Amino acid sequence: MGHRIAVVGAGPAGLTFARVLHRRDHPVTVLERDPAPDARPPGGALDLHQGLGQLALEKAGLLAQFQALSRPEGQAMRILDADGTVLRDWHPRPGERANPEIDRGQLRGLLLGPLDVQWGRGVTEVVPQTRGGVLVRSADGRQETFDLLIGADGARSRVRPAISSAAPHYTGVTLVETSLDDVDTRHPDLARLVGAGSMAVYGVNRALVAQRNSGGHLKVYAQFRAPLDRHANPDPSDAEAVRSRLLALFDGWAAPVLDLLRRGTAFVHRPLHVLPVSHTWAHVPGVTLLGDAAHLMPPLGAGANLAMLEGAELAESVAAATGPGDLDDAVRAFEEQMWARAATWAEITTAGLERLVSPDPAEALALFDEVQPS
Ligand SMILES: Cc1cc2nc3c(=O)[nH]c(=O)nc-3n(C[C@H](O)[C@H](O)[C@H](O)COP(=O)(O)OP(=O)(O)OC[C@H]3O[C@@H](n4cnc5c(N)ncnc54)[C@H](O)[C@@H]3O)c2cc1C
């Protein structure tokens, strides 16, 4: 092929792109800011859908390995009301593999495989060149040029400003994440409360969601509407201050539900930001975006799936582009396809967030009944 191709970011989008290209024997440079694959906690498990994330893994030749690692039982979903009454208790049928869960660390390991990632290479600036190609500057002072640069560097993309002036804005909803370890031995009551998959409790403008990860690890997300200011976000390193604030916010909820917050360890604030629903840009030869960098949306189970499918599809198109001008045509066509699909999902997830963290908790239950197979 002869094209010099680089991808910024070793998340689901960047790694899937690189892995599919690698499978087709095309060299690709992966630049990642993290100093090592396990440099920071990976975050909660992802559910990967048939036709989206799972299709991407099939294109990467990794579907069988995913099926061995993932947890179909993690698709189970239980909904309680604030006084602890179970309203819904849904379990997947035997063999149901529509949306199995996989830990992010496991997914990263699976996608990494033989890839040669340049860890600790934070990109600081991207400059498209007038004669074609793009110049990439890194925090370590290095600069390189590529024929095609893919920005798969997430919500706060440093590649995006080279082609788009759009910036993420706050949704009005904040997530505070906490975790519990060894729940089956140390917190068997909470392990039973949550079950094999996820559990959610919806209240007025707030919700509490707990998700079982592998190895007896539980992620808990307190979700609420709040302004984006310091009062709403106490110093996250002061775990007891955050805990008290959350317990006050969820005051009156059933004791076992609040125990998820009482026994949680560290707290991480995640104010939810999104890009405009139909984010597009005037095509710039030599640069494009994938995943959250292109279409950050509320975290309702689509972001990583779209990111991975886009990565796989773009890699296939790039691998097939052999003639002069083919590479740019392939990227243009890919962008059109990505924009249309992402806009649909951005609308769905934006409307979903409004209903899940809403003044009327019945909306969340109605949404569950609409999307969940009976
Ligand atoms: C609480 C929560 C739960 C979610 N659950 C789901 C789910 O179940 N299913 C689902 O599909 N989606 C889910 N999502 C959304 C999903 O996490 C994202 O959509 C997905 O991670 C996007 O992948 P990405 O590769 O585009 O970006 P990221 O995962 O953000 O990866 C970007 C990578 O780029 C690197 N990077 C950033 N800046 C630079 C730089 N300047 N230079 C070099 N490298 C850089 C980062 O270190 C990172 O490795 C959830 C999100 C949240 C917050």
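Author: Happy to! Two residues are taken to touch, or be in contact, if their C-beta atoms, placed from the backbone, lie within 7 Å. Please keep in mind that this is a predicted model.

Leaving aside residues up to four places away in sequence, Ala-304 touches Pro-12, Leu-46 and Gly-53. Is Ala-304 buried or exposed? A residue counts as buried if 20 or more other C-beta atoms lie within 10 Å of its own. Ala-304 has 25 other C-beta atoms within 10 Å, so it is buried. Leu-260 lies 44 residues from Ala-304 along the chain, and 26 Å separate the C-alpha atoms of the two.

From here we can turn to the ligand itself. It is surrounded by 33 residues, and the closest are Gly-9, Gly-11, Gly-154, Gly-291 and Gly-303. Sorted by class, this shell holds 15 nonpolar, 10 polar and eight charged residues. Helix α10 (303-320) is one of the elements that supply at least two residues of the shell, together with α1 (12-23), β3 (46-47) and α9 (292-295). The largest share, four residues, comes from α10.

Helix α1 deserves a look of its own. Among the buried ones are Pro-12, Gly-14, Phe-17 and Arg-19. The cover over the buried residues of α1 includes α10 again, along with β1 (5-8), β2 (29-31), α2 (53-59), α4 (104-112) and β11 (148-151). Just after α1, Asp-25 takes a positive phi of about 60 degrees.

Now let us step back to the domains. The protein is divided into domain 1 (5-71 + 99-168 + 275-356) and domain 2 (170-273). Taken over C-alpha atoms, the centres of the two domains are 29 Å apart. Where they meet, 11 residues of domain 1 are in contact with 10 residues of domain 2. On the domain 1 side, the touching residues divide into eight nonpolar, one polar and two charged. Why does the ligand lie between the domains? Both domain 1 and domain 2 give residues to the shell around the ligand, so it lies between them.

Methods:
Residues numbered from 1 in each chain as written. Predicted model: local features only at pLDDT ≥ 70, side-chain atom pairs only at ≥ 80, totals over all residues. Near = placed C-beta within 6 Å. Nonpolar A, V, L, I, M, F, W, Y, C, P; charged D, E, K, R; others polar. Domains from an automatic or database assignment. Buried ≥ 20, exposed ≤ 12 C-beta atoms within 10 Å, placed from the backbone.
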